Amino acid sequence: MDDKDRDMLISIGPQHPALKEPTSFSLALRGEKIDAIQVKIGYNHRGIEKGCESRTYIQDMYLLERICGICSHAHSTAYVQAVETIAGLQVPRRALYIRTLIGELERIHSHLLWLGVAGHEIGFDTLLMYTWRDREAVMDLLAELTGNRVNYGINTIGGVRRDLTKEEGEKILKIIDKLEEQTKYYVQIAQEESTLIQRLSGVGKLPKADALRLGAVGPTARASSIAFDVRKDDPYAAYGELDFKVVSADQADVYGRTVVRLGELLEAYSLIRQVIKNLPDGPIAVRAPRKIPAGEALSRYEAPRGEDVHYVKANGTDMPERVKVRAPTLANSQAIAKMLEDRYLADLPIVVAAIDPCFSCTDRAIEVEGKGLMSWEKLRQYSIDWYRKQGVDFRNVKRII
Amino acid sequence: MSDLTQIKQQLEDKFVYLKGGIREQGERRLWSEVSYDLFFDVFGYAVKELGFDALCTITGLDEGEYLAFIYHLSKGGLVFNLKTKILKDKEDLRTVIDYFPGAAIYEREVVDLLGVKVAGLPDGVRYPLPDDWPAGQYPLRKDWDPKVLDQKEAG
């Protein structure tokens, strides 16, 4: 065999500057082409399912919300829905609408983040700057509505914890108008910008049959002509009462995945307008029992990355017997090898990014109403004092920095 | 008759032993349990004849003497949760990758976390525990105590 034909083995990860989260790719190359690929994940496994078994239902809600910094609402909603089913709780309609609102705002910030990452991976950093600038508007809005940019803590078992005022609704509509205008511009770019079209078309192919066989979900599956969306097919929250279409594409490549996410952004704006227009009056939560009667339930949620599955088993105590989570990236990770079959090494970053693997973006300071912009020192002191009032004393915890 | 009730009816007609053992929950969930020697009859029928074309995941449960597994099969918005159980440390599962190749990762997960063996699952990278995880430690078993890890670190 000539040298040029010889396989080269390279490892990328688990720690690598180009990876946003720890993942390990072992690649066999023949020249520039990928001959074989092995993906290892699991580096972020934190034992959350086990942890849930020794915490109460409410504590678990906060723990599960922290599975992910981006689709935190997806996890907390999927979980509370399962618990509410077991407990037989009738969640007020107003709460269901507010959950839908936060869910769609989360989808917008997630998809805008993705669009920026995709632009970055193909050297189109202007797109990254634009979309991440726009995303800030949604993050600020979420912070204003819930108190947090991520991990919103809006849910509780039996409803939501914060109501929506008329003024807040009006503000959301104004921001949505602006974002829609911007998104239309990105749609135009995706339709007309030849560099972007050529770089993404035909890359990361996943024919429909393979997407089905490997269990792909979300925009990854919908870009391969699988028009399945939990919001439409297995409706939860307020989706059964709202008008929207499931966006799919037939390109079955990274370009198709871009088209689907852009289409979903436009649908999200429409959904939010409907939620605010039709927001029912009434309470935002019903009282949930501390002990959940024995039973089990399976809940599904259409997270920005696809179907998020939570199974909960209750044993009559205040702690669950078992909580099982299947996040969408685990389902989509099975298709990465197929997407990279016979492709070039240079396609790896964008193909992997195109399933939108999940990563966290939690470390931010925000302006707390009436308290001005806080320095880190002040913010730290504020949180110590706040916890002390709740009976937890952090004063003697040693600082690392 | 709703789709769900119709599927329940089809299952009961085909497998008499399921009569009275299938539970409808809400509009889109079916729950049932079958002994492991009959599992593949029901599972195969649901996939091949009833159109359950996706496996959401496999949930593993430690039930004392037994390990139980729920295969969450979906057909659009409907989910058929089929449970089965085997004797802990005495019996093995058989792989379902012939039906769903993507299920390999869910099977590796129950192998790592519950310590079940899955016959027919090809060798591959373990998931989700690290390569140097101590042998014989299965975190999702009810008698497993995380203190084992502290001892390892201290040692």
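Reader: Is β4 in chain B mostly enclosed or open?
Author: In this predicted model, seven of the 10 residues of strand β4 (residues 66–75) of chain B are buried, so the strand is largely enclosed by the rest of the structure.

Reader: Thanks! Which way does β3(B) run against it, parallel or antiparallel?
Author: Antiparallel: β3 (residues 54–63) of chain B is joined to β4(B) by nine bridges. For one pair to look at, T57(B) has H72(B) as its bridge partner. The hairpin of these strands has two residues between them, and G64(B) takes a positive phi near 75° there.

Reader: And how many bridges join β4(B) to β5(B)?
Author: There are 10, and β5 (residues 78–87) of chain B runs antiparallel to β4(B). Y71(B) has L82(B) as its bridge partner. These two strands also form a hairpin with two residues between them, where G76(B) in the turn has a positive phi of about 60°.

Reader: Nice. Switching to chain A, at what angle do α5 and α6 pack?
Author: Helix α5 (residues 125–146) and helix α6 (residues 166–192) of chain A pack at about 165°, with axes 10 Å apart. Angles over 145 degrees count as roughly antiparallel, and α5(A) and α6(A) are therefore roughly antiparallel to each other.

Reader: Which residues make that contact?
Author: Among them are A137(A) and L141(A) from α5(A), and I172(A) and L179(A) from α6(A). By class, the contact has six nonpolar, one polar and three charged residues.

Reader: Last one: how many residues of chain A are in contact with chain B?
Author: 27 residues of chain A are in contact with 27 of chain B. Chain A's side has 10 nonpolar, eight polar and nine charged residues.

Terms used:
Residues are numbered from 1 along each chain as its sequence is written. Chains are lettered from A and ligands numbered from 1 in the order in which they are written. This is a predicted model: local features need pLDDT of at least 70, side-chain atom pairs count only at pLDDT 80 or more; totals for chains, interfaces and linings use all residues. Axes are lines fitted to C-alpha atoms, for helices over the stretch in contact, and angles run from 0 to 180 degrees between N-to-C directions. Helices (H or I, at least four residues) and strands (E, at least two) are DSSP runs, numbered from the N terminus. Angles under 35 degrees count as roughly parallel, over 145 as roughly antiparallel, 65 to 115 as roughly perpendicular and the rest as oblique. Two residues are in contact if their C-beta atoms, placed from the backbone, lie within 7 Å. Ala, Val, Leu, Ile, Met, Phe, Trp, Tyr, Cys and Pro count as nonpolar, Asp, Glu, Lys and Arg as charged, and the others, Gly among them, as polar. A residue is buried if 20 or more other C-beta atoms lie within 10 Å of its own, exposed if 12 or fewer, and partly exposed in between; C-beta atoms are placed from the backbone. Two strands pair if DSSP finds at least two bridges between them.
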